Amino acid sequence: MTRIALCQVPVSPDPSVNLTRVREALARAEGADLAIFPEATLTRYGKRITDLAEPLDGPFVTGVAEAARRHGVAVIAGVFEPGQGLVHNTAVALDASGELRGAYRKIHLFDSFGAKESGLVAPGAEPVVVELAGLRVGLVTCYDIRFPELTRALVDQGADMFAVIAAWGSGPLKEDHWVTLVRARALENTMWTAAVGQAPNPAESSDGYGVGRSMLVDPLGVVRADLGSSAGVQVVELDPEVTARARSALPCLEHRVLGVNRS
């Protein structure tokens, strides 16, 4: 069993406030092997991200690494890295000793529903699977969840679990989209999927980011935990034997037919 803390925190524009929230959440994640925080845990979206972006050895990631080491828990969290004019929307993966084990730069940018993430963020180019807490974790960020080819690539790289981090936008049916897409990616890949979004932040509600609904979904698409819309930390268990049983009953990965002729 691997114990995973779903850390559904509200995110402030102020990185120092968010670092305090990460520390508080890790203190509540007793017994967890891996704690997952939302996309953009460093600071809320907005034009400010180009000024507040930090390198991966900057004060925010360093502070998170110190907290990971203190509590003996691996951590995944979303930050913004400086780039050439634009920034990268990056998921960092730290092991329980605080060492950086990997970084995934979001590939699919949210230029939809009236937003234009590409105006501030440069896309990444490579899927990333990182070894944490005895698992090979495939990293997925928010809008990426709408693109099944990314999660399938992570399967082919040997992922044991998907970690999906998000600052999901509110709006008509958007929460339904989130739940449906997370469950679909889990089911079609027979893969444990831990999906963590920002909790709603009433003080910053005008931007619409953060609907909560962090979830653990099993390899047959069953929701094992759902945090609803309130801020909170919940420790859940991932059992690899469930994956083995699901893939024995539903060997859809073995049944793939590659290079199907579309004519």
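Start with one pair. L94 has L100 in β5 as its bridge partner.

A word on the source. This is a predicted model, with residues numbered from 1 along each chain as its sequence is written. Local features need pLDDT of at least 70, side-chain atom pairs count only at pLDDT 80 or more, totals for chains, interfaces and linings use all residues, and side-chain values use heavy atoms, with hydrogens and water left out.

Now the terms for the elements. Helices (H or I, at least four residues) and strands (E, at least two) are DSSP runs, numbered from the N terminus. Two strands pair if DSSP finds at least two bridges between them.

Back to the strands. β4 covers residues 87-94 and β5 covers residues 100-105. They run antiparallel, joined by five bridges. Together they make a hairpin, with five residues between the strands. In that turn, G98 has a positive phi of about 90°.

Next, the sheet around this hairpin. In what order do the six strands of this open sheet stand? The order is β5-β4-β3-β2-β1-β12, and the pairing is mixed. β5 and β12 (232-238) are at the edges with a single partner strand each, so one side of each has no neighbour in the sheet. From one strand to the next, the twist averages 30°. Axes here are lines fitted to C-alpha atoms, for helices over the stretch in contact; angles run from 0 to 180 degrees between N-to-C directions.

Which helix packs on this sheet? Helix α1, residues 15-28. α1 touches β1 (2-8), β2 (34-36), β3 (74-82) and β12. Contact means heavy atoms within 4.5 Å. The direction of α1 makes about 50° with that of β12.

α1 also has a helix partner. Two packed helices are described by the angle between their axes and the distance between the axes. α1 and α3 (residues 59-71) pack at about 15°, and their axes are 10 Å apart. The two helices are therefore roughly parallel. The classes: under 35 degrees is roughly parallel, over 145 roughly antiparallel, 65 to 115 roughly perpendicular, and the rest oblique. From α1, the contact residues are P15, N18, L19, V22, R23, L26 and A27. From α3, they are P59, F60, G63, V64, E66, A67, A68 and H71.

β9 (residues 192-197) and β10 (residues 215-217) are antiparallel, over three bridges. There, A194 has L216 in β10 as its bridge partner.

Now helix α4. Which residues of α4 (residues 148-156) are buried? They are L150, T151, L154 and V155. Buried means under 20% relative accessible area, exposed means over 50%, and partly exposed is in between (1.4 Å probe, protein chains only).

The buried residues of α4 pack against β5, β6 (129-132), β7 (135-141), β8 (161-166) and α5 (174-188). Just after α4, G158 has a positive phi of about 95°.

Two positive phi values fall on residues other than glycine. L173 has phi near 70°. L173 sits in the loop between β8 and α5. L173 is exposed, with a relative accessible area of 55%. T190 has a positive phi of about 40°. T190 is in the loop between α5 and β9. Is T190 buried or exposed? T190 counts as buried, at 0% relative accessibility.

Last stop, M191. It lies in the loop between α5 and β9. M191 is buried at 0% relative accessible area. Leaving out residues up to four places away in sequence, M191 touches V155, A159, D160, M161, F162, A186, V217, D218, P219 and R247. M191 and V242 are 51 residues apart in sequence, and 9.5 Å apart C-alpha to C-alpha.
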